[in-house]
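User: Please go through this model with me, one question at a time.

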Amino acid sequence: MNRREFIKKSIQAAAAAGAYTMLPASKLFGAAAEGKTPPHLVAVKNSTPAKMYAAALAAMGGISQFVRRGQTVVVKPNIGWDVTPELGGNTNPQLVEAVVKSCVDAGAKKVYVFDHTCDNWKKTYKTSGIEDAAKKAGALVVSAASESDYVNVKVPGGKTLKETKVHKLAVESDVFINVPVLKNHGSSGLTIAMKNLMGIVWNRWSWHATGLHQCIADFAAYRKPDLNIVDCYRVMKANGPRGVSKEDVVLMKTLIMSKDMVAADAASAKIAGADPEGIEYIKIADAKGIGTMNLDSINIRRITL
Amino acid sequence: MKPARIIISLIYGALFAVFFSGAVHEYNALLQFVPKSQFMPALLKSIGGITIASFAAVFITVLAALFFGRVYCSYVCPLGIFQDFFIFLRYKFNPKNKFKYSKGYFGFHLVILAAAVLTYAAGVVSVMAVLEPYSAASRSAASFLSRSAVSAGVFWYSVFFVLFMAAAAFFKGRLFCNTLCPAGAVLALIAKKSVYKIKIDGDKCTHCNRCEAACKAVCIDHKNLKVDFERCVGCFNCISACKDDAIGYEKVSVKKKDNTKRKTIKKLAVFTAAAAGLTLFTKEIFAFKSAIPVKKSVPVLPPGAGSVHHYNSHCTACHACVTACPQKVIGANMAEFGVLKLMQPVMNYSVSYCLYGCNECTKVCPTGALEPVSIKEKKSVQLGRVHLIKENCISWSDGKPCTVCTEHCPTKAVYTVLHNNVAAPEIIPDICIGCGACEYVCPAVPHKAIFVDGLKKQVKAGDPVKAHRPGEWKLTPVKNEKKSSGGDFPF
Ligand code: SF4
Ligand code: SF4
Ligand code: SF4
């Protein structure tokens, strides 16, 4: 058992004991190895998506912390809408490219990129620039538009969402890297890391009808991504999730990285100028112990490039 | 000439199949050529305003007909190519079963043409839509090949039509082309005057009957050395069949005065009057119904349609747009517009919605029923207007923050407000473009809570950027910002 696995197991044990929310991972295990322990969350500012990603990754201890030789990886950007990168409706293609490239460099056997899109997937893949960028970096860009690619899974501890259909690549791959974009969202307030997981789910629209916030928080317990990289380069501040025009978008040149989706969402919300307390699903997920929204309690690395 | 015809028509047939398979995502110039090269749609389009493509298609077809007769029917017409396949099977499976000369029904053919033209002029495209060969062929192809949103009615009609055409071709050759096809009738009139005609050289002819037996248009009378050239579809089967080099094109001397011409004109006038009477009569019957719509709504038309009037009087239901639409939102019902507008496509928002950044359908329409619209223009064309029934809405009446409609709306004509602290939709119909995304995604059952009603005339939608959205839900701003890193991060 290497250290990473040890920490992971211990966190699970701690969570099971109900102690997790009170004592975040960094406090439990970080003290002894102060300085060497990867931070709970990294925030980077003022550069290109690729450079900010490189800086954040370095602070986290490098890609080898997440991807090992021969593993299969799913990189899950947000490719929901048929809009160009300037509108900030999808994850920045340069970031996707950098993430895929790092996985390939780490010796990943296969790197898959897909999203269960809202608009026509062929169009969104192309218009977003993600298909080209990811392919260029060596990813297999696959469709998530047919139901036969999804398998039924149970959602542990789900209150509203007890089971759902998840894309089989997301179920089977060794590593799952979540690469959401931060933007305004007319239904959930903001879409960030947890909400991005709706893109690996088939019957995503039924969440709207049964209770969106609860479903998002419920599903977050299904499989926590091995890493979350939030694209806050261009941030859509209004009229989300699709955006109406460039006027909705603010250039923020920021990137958030964390293994903790709740922390990543809380920090990103603040980047967008919104109080995480005002976003229902973040609060529910925090209460469920998926992660922590209390940013004062965690070890944050702030980097300005 | 016959091998050339076969090769060209095979290539053309393949392009046609590719086009209507719906497998292609964006139609390049080569594929757009398929519908645009068609005679009747191009002719109809030219009436509304000539474009380069429509002019070229009409010009080339007419020019070819003026010189060599109805070669169009063998080279370009997809329905002709389709029939030829079954005629080929007939030769293959029953070589003894030869074609025999028959007198033809030119008068009847002209009545059909007159009926099609007059109904068309009166704003009723149905006769044209049912008989116009390209539209009939492509609609059938679209119904079978492209997984497009056709209603059961259209599907079964297409099944019937294809079986009927296959059987007719197998047993009767190009009977359709010479009795029912309006394009064929126009070309027949031109062929009567063409410079070169198929002629039998009486000196060389040995009366072997091979040419007559090979003629699927049954227009060769070998006994009397006669060829009814207006019915010849330019397939050159006869030329290949003749072993004695006795049949082929010959330049026609123009000096002979033809008194049958006057008869034909007279006949034509009578038939035209009869057809006009018939048209008015049928219009009278149906107009009563269609003048007072019983439905509350107008069907939503595809972008570029302009108005119901323009659309209805141009669309021949060829379903090129149905096939081209990547969203498969353009569907065809049997009689959405009433019996007089059979099978004209409309937007079917229970199947899909129109993509904001797409204008594919407007690029392929060969009749001008859908006029070209740039993507920029398209983003503000109002196809219809949104209506919200709060009583049906999950957010308003069930207290669950659904708002999936606001999520999909590209102009935020549907936006989010808070109702009892729950996110709920509110609408501004002025800036709605009628894309139907909201209607399509609305999960309310059995009746949608949000829907788009069509417009008699497509107009320009208001500017979504300048729009004021009263009571719009805004996020709680971040409080106690910690600027622990020199103000770079709010935490
Ligand atoms: S513009 Fe709309 S209707 Fe036309 S092809 Fe595109 S999605 Fe289909
Ligand atoms: S209100 Fe509905 S139809 Fe109108 S633009 Fe928005 S989504 Fe499209
Ligand atoms: S999608 Fe339908 S049910 Fe849901 S909020 Fe909109 S109108 Fe209401």
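Predicted model: local features only at pLDDT ≥ 70, side-chain atom pairs only at ≥ 80, totals over all residues.

User: Which residues of helix α3 of chain A are buried, and which parts of chain A are included in what covers them?

Analyst: Helix α3 of chain A runs over residues 49-59. Its buried residues are Pro49(A), Met52(A), Tyr53(A), Ala55(A), Ala56(A), Leu57(A) and Ala59(A). What covers these residues includes β1 (41-45), α4 (93-105), β10 (227-236), β11 (249-258) and β12 (300-304) of chain A.

User: Which residue just after α3(A) takes a positive phi?

Analyst: The residue sits just after the helix in chain A. Its phi is about 100 degrees, and the residue is Gly61(A).

User: How is α9(B) set against α10(B): parallel, antiparallel, perpendicular or oblique?

Analyst: Helix α9 (residues 133-145) and helix α10 (residues 152-172) of chain B have axes that come within 9 Å and cross at roughly 120 degrees. Because angles of 65 to 115 degrees count as roughly perpendicular and those over 145 as roughly antiparallel, α9(B) is oblique to α10(B).

User: Which kinds of residue make the contact of α9(B) with α10(B)?

Analyst: From α9(B) come Ala136(B), Arg139(B), Ser140(B), Ser143(B) and Phe144(B). The residues from α10(B) include Val154(B), Phe155(B) and Tyr157(B). The contact divides into eight nonpolar, three polar and one charged.

User: Which residues come nearest to ligand 2?

Analyst: There are 14 residues around ligand 2. This shell divides into 11 nonpolar, three polar and no charged. Those that come nearest are Cys409(B), Cys432(B), Cys435(B), Gly436(B) and Cys438(B).

Key: Residues numbered from 1 in each chain as written. Chains lettered and ligands numbered in written order. Heavy atoms only, no water. Buried < 20%, exposed > 50% of the residue type's maximum accessible area, 1.4 Å probe, protein only. Helix = DSSP H or I, 4+ residues; strand = E, 2+ residues; numbered from the N terminus. Contact = heavy atoms within 4.5 Å. Axes fitted to C-alpha atoms, helices over the stretch in contact; angles between N-to-C directions. Parallel < 35°, antiparallel > 145°, perpendicular 65-115°, else oblique. Nonpolar A, V, L, I, M, F, W, Y, C, P; charged D, E, K, R; others polar. Near = heavy atom within 4 Å.
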